[in-house]
Amino acid sequence: VWEQSDGAHLSIWTNRCPAGGSWGTAQRLAASTGGNALFPSVKANAAGDAIAVWQQPQGAALTVWACRYTRGGGWGAACAIAAHSDGVATAVQAAIDPRGNVTALWKQSGDAFVSIWAKRYVVGEGWSQAELLVDGRASGAGDPCIAMDATGGAMALWEQWDATRGASTLWARRCAALEGWGPVVQLDTRQADSVFSPRVALDSQGKALAVWQQWDGAHRNIWAAHYTPDEGWGGAELMDAGSADSPVGPELAMNAMGTALAVWGQSDGERIGIWARAFR
């Protein structure tokens with residue numbers, strides 16, 4: 001999926017390459033609704049189902065949109081999933097499980113605060129009502145990310161401002177498939193500086209790994225924390241001590257068996273290289 005101009009506005013377009021085949025014909029996934037459609041993202045499962053999300057105006061408001069792809073039926077109709085009249089909805093992320101169920105996450109700005117909202121799609125039932133995941137009126141929230149496991153459970157991460165520390169902190173919330181969203185847990189318990197770029201991944205059994213970068217007053221470091229359904233989150237672990245040239249931009253992937261790979265950029269003083277570390 002990508003942005004493409006029609007001469008007046010940017011719309012969202014898509015193309016698909018089947019396994020062992022070649023690229024098909026590009027098609028417009030969502031036409032402009034009076035403004036630019038921006039920042040598309042797509043996630044797929046092993047069955048070939050997919051979910052695409054992006055931000056786009058709806059009337060006078062900026063909101064977030066989604067469109068589902070099923071292997072047997074192609075793309076469905078695009079729809080706005082953040083049906084709020086107040087503020088602006090942006091930074092939408094989504095995850096899809098092996099059965100095609102979806103969890104979407106985005107930030108919603110009000111007059112003077114930013115909250116995190118979530119919405120779930122269940123195959124055979126459709127989209128649920130949007131749920132307030134984090135009330136940002138006390139401390140603004142942002143940079144959400146989401147992953148799902150084989151049971152339909154999800155794990156959400158986000159940054160949240162801590163006025164006492166004067167820094168952004170990292171928080172997580174687990175959604176069990178049949179029980180809904182659980183309690184909020186803080187992952188960076190050290191009295192350090194701000195958190196940036198959180199990422200989360202899940203295996204088929206609901207074990208999770210989170211990585212993020214955090215400023216210590218001189219440079220950034222890459223940190224990680226591990227979650228198991230029976231024990232919850234473990235303590236934060238330093239993955240790579242930053243040097244004068246701080247590591248940046250962590251990305252994370254995990255397979256169904258729980259093996260994960262984290263990568264990030266880091267300079268050797270002359271050029272930026274890519275570094276990696278595995279979790280088994």
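Predicted model: local features only at pLDDT ≥ 70, side-chain atom pairs only at ≥ 80, totals over all residues.
Let's start with β19, which covers residues 208-215. Is this strand mostly buried or exposed? Seven of its eight residues are buried, so the rest of the structure largely encloses β19.

Now look at what pairs with it. On one side of the story is strand β18, residues 195-202, which runs antiparallel to β19 and is joined to it by six bridges. To see where the two strands line up, find Leu202, which stands opposite Ala208 in β19. β18 and β19 make a hairpin with five residues between the strands, and here Gly206 takes a positive phi near 90 degrees.

Next comes strand β20, residues 220-228. How many bridges join β19 to β20? There are eight, and again the strands run antiparallel. A handy pair to pick out is Ala210, with Ala225 of β20 opposite. These two strands form a hairpin as well, with four residues between them, and Gly217 in the turn has a positive phi of about 105 degrees.

Finally, hop along to Ala236, in the loop between β21 (232-233) and β22 (237-240). Ala236 has a relative accessible area of 28%, which makes this residue partly exposed, since that label covers values between the 20% and 50% cut-offs. What does Ala236 touch, leaving aside its neighbours within four places in sequence? Its contacts are Leu187, Trp212, Trp223, Ala224 and Ala225.

Terms used: Residues numbered from 1 in each chain as written. Heavy atoms only, no water. Buried < 20%, exposed > 50% of the residue type's maximum accessible area, 1.4 Å probe, protein only. Pairing = 2+ DSSP bridges. Contact = heavy atoms within 4.5 Å.
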